[in-house]
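Subject: Structure handover

Hello,

Here is the structure you asked about, with notes on what was found in it. Please have it open while you read.

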Amino acid sequence: MIGTIPATSQQIGSNENLTLFEALETISTLTTLELGYTSIGNDGAQALSEALRTNLTLATLNLQGNLIEDNNGAQALAEAIKTNSTLTILSLRTNSIGNDGAQALAEALKTNLTLDTLYLQNNSIGDEGVQALGEALKTNSTLTTLTLQENLIEDSGAQALAEAIKTNLTLATLDLQNNSIGDEGARALAEALKTNLTLDTLYLQNNSIGDEGVQALGEALKTNSTLTTLTLQDNLIEDSGAQALAEAIKSNAALTILNLAYNSIGDEGAQALANALKANSTLTILNLGYNTIGDDGAQALGEALKTNSALTTLNLKENEIWYRGLLAFSEAFNTNSNLNTLDLQDNLIENEIVLALSDALKTNSTLTTLDLKNNPIEDSGAQALAEALRTNSTLTILNLGYNSIGDDGAQALAEALETNSTLDTLYLWSNFITDNGSHALSKALKTNSTLVTLDLQNNSIADEGAQALAEALETNSSLTTLDLMNTRLEIIGAHALGDALKSNSTLANLYLWSNSIGDNGAQVLFEALRSNSAMTTLDFQSNAITDHGAQDLADALKINSTLTTLYLMSTSIGDDGAKALAEALKTNSTLTTLNLRTNLIGYEGAHALAEALKTNSTLTSLYLMSNSIGTNGAQVLSEALKTNLTLTTLELQNNSVGDKGAQVHSGALETNLTLTTLYVWRNSIGPQVLHQMSQANVVT
């Protein structure tokens, strides 16, 4: 049955459509209703509220972005919540309920016994509204999650919430990001944390909190025993604030995640945090990205890692770390036994710095993920990392995307892959690798037995490089994902890959998006699918294969028994191509996802696809956005839905469907038992659509 029907971007706010909500009073199976951005307004909210008073099944209600205001709309919903006994999740994000609406909801929370999650972000709620919510939390015993991000909350609002938290026994997650609580608000929350026993997650990013507020939070953390996640990114925290948190971390035994990204923490703050890490035994994730930490701070953190036994993830992206800092991390790797993820992207890490890091990797036995993307690493840096990979036995993911590595660097990495037995993922996207580098990687793939993902997108591989890689695929038995998006492939390269796929038995995902493979190049690739027994995902988007290529692909799909996902967006396929694919769907028994967005498919193509859906028993997702199927095309697809038993997602937005085509919302849904997601926005659908939807008495 239909679990979720998003009516995204439909204008359904008129009185003519209130019958949808009247139907909810009698529907006995509806559990989730998604009405985001449907412009129901206050009138719609009032009608929906009436239904909620008697509905006995609805558990999740999404009213995001619906022009609901404080007068009448939010107040009506609040009245319904007072007696409703099933709703557990309510989203009112991005409306305009304001203080009055928040006050009405607060009154409802005093008596409601089921609501556990309330999303109120971006609602122009100020301190008065939050004060009312705070009063409600003092007695409410069910709410566990409250999100108030992007409102107008200042220090007095935070103080009211803090008073509530002192006695509330259920709230576990409080999201106040993107407000203006400042130091005073942070101080109040800190006082509450000293006695609160349930809050485990607190989001305070972008709140103009400075060192004074953070110092108060630090004092609270010295005694608090429940908070596990604290997010303070994008505030005004400098070194003294970081020092206060560091003092707390020395004795705190609960916090596991601390996010301090996008602040102004420099070396002194990093040094204080480093000293804390020497004593702390619970913090596992520390995010210091986008600060101003230099070598002195990095050196201290490196020293701490030598003895720390808890931290597993350290994010230092986009700081000012150079040689000495990296050298400290390199030395730490010799003794650290728990850090497995280090993010150093965007740090101006040059080749000589990579040399030190590479030396450490030769003996390190814990690091599994190293992210060095977007640094000025050139061939010599890649060569140093390659030397480390020859002996390293733990690193599984290496990200060198968006650097300046050319063929020499790629060759060195390739030679390392010939002996390395642990690396399974290598990202080399957006470098300067050409066919020469591809030849070296090809040679490595002939013997390597562990690499499963190789990302070479946005390089100049061209046909000769693709030919080399294809030759490796004929014998390689480990690679499952190969990304060659935007690598200047044309007919010859496509032919080579196609020939390789006829014998390859492991490659499951091939991404060829945005190349210059036309009908002739695609012919051999699609021919390979007839015998290939490994491929599950093929991304052919933005290649002009037209109807001729679609015919070749369709012929292959009639025989292929493994492909499950096929991306054909922007491939110039028209009605004839859609007809051919539809014929294949009548017999194909494996394809579950077909993406035909932004093509030239009209009514005839839609009609053929509809006929296929009547008998196909495996396709679950069909994407037809931005074609030209029109009203008649939507109608025939609607007819197919009456008998189809497998499709769960149908995307029809931007297809000039119109009112008549909106039957996919009505008659078909009365008998369809599987569709869960239907996209029809940007289709000039009038107010009758939701009236028809309300008649679908099997909606769940």
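The expected span of a helix is 1.5 Å times one less than its number of residues. Helix H3 covers residues 70–83, which makes 14 residues. From its first C-alpha to its last, H3 reaches 20 Å, close to the 20 Å expected. Please bear in mind that this is a predicted model.

Staying with H3, its buried residues include Gly73, Ala74, Ala76 and Leu77. Ala78, Ala80 and Ile81 of H3 are buried as well. Among the elements that cover these buried residues are helix H2 (41–54), strand E3 (89–91) and helix H4 (98–109).

On confidence, the protein has an average pLDDT of 91, and 92% of the residues score at least 70. Residues 1–18 have a pLDDT below 50, although this stretch has 74 contacts in the model beyond near neighbours in sequence. Residues 693–700 also stay under 50, and here the model has 29 contacts beyond four places in sequence. Where pLDDT is low, the predicted coordinates should not be read in detail.

The largest nonpolar core has 206 residues, and the members that touch the most other members are Leu120, Leu204, Phe540 and Leu568.

Two loop residues have backbone angles to note. Most residues other than glycine have a negative phi. Asp234, in the loop between strand E8 (229–231) and helix H9 (239–251), has a positive phi near 60 degrees. Tyr262 has a positive phi near 55 degrees and sits in the loop between strand E9 (257–259) and helix H10 (267–279).

Last, Lys373, which lies in the loop between strand E13 (369–371) and helix H14 (379–389). The side chain of Lys373 makes a polar contact with the side chain of Asp371, at 2.6 Å. Beyond four places in sequence, Lys373 touches Gln345, Asp346, Asn399, Gly401, Asn403 and Trp429.

Regards

Conventions. Residues are numbered from 1 along each chain as its sequence is written. This is a predicted model: local features need pLDDT of at least 70, side-chain atom pairs count only at pLDDT 80 or more; totals for chains, interfaces and linings use all residues. Side-chain values use heavy atoms; hydrogens and water are left out. Helices (H or I, at least four residues) and strands (E, at least two) are DSSP runs, numbered from the N terminus. Buried means under 20% relative accessible area, exposed over 50%, partly exposed in between (1.4 Å probe, protein chains only). Contact means heavy atoms within 4.5 Å. A polar contact is a pair of N or O atoms within 3.5 Å; within protein, one must be able to donate a hydrogen and the other to accept it, and residues adjacent in sequence count only if both atoms are side-chain atoms. pLDDT is the predictor's confidence in each residue, from 0 to 100. A nonpolar core is a set of buried Ala, Val, Leu, Ile, Met, Phe, Trp, Tyr and Cys residues joined through side-chain atoms within 4.5 Å.
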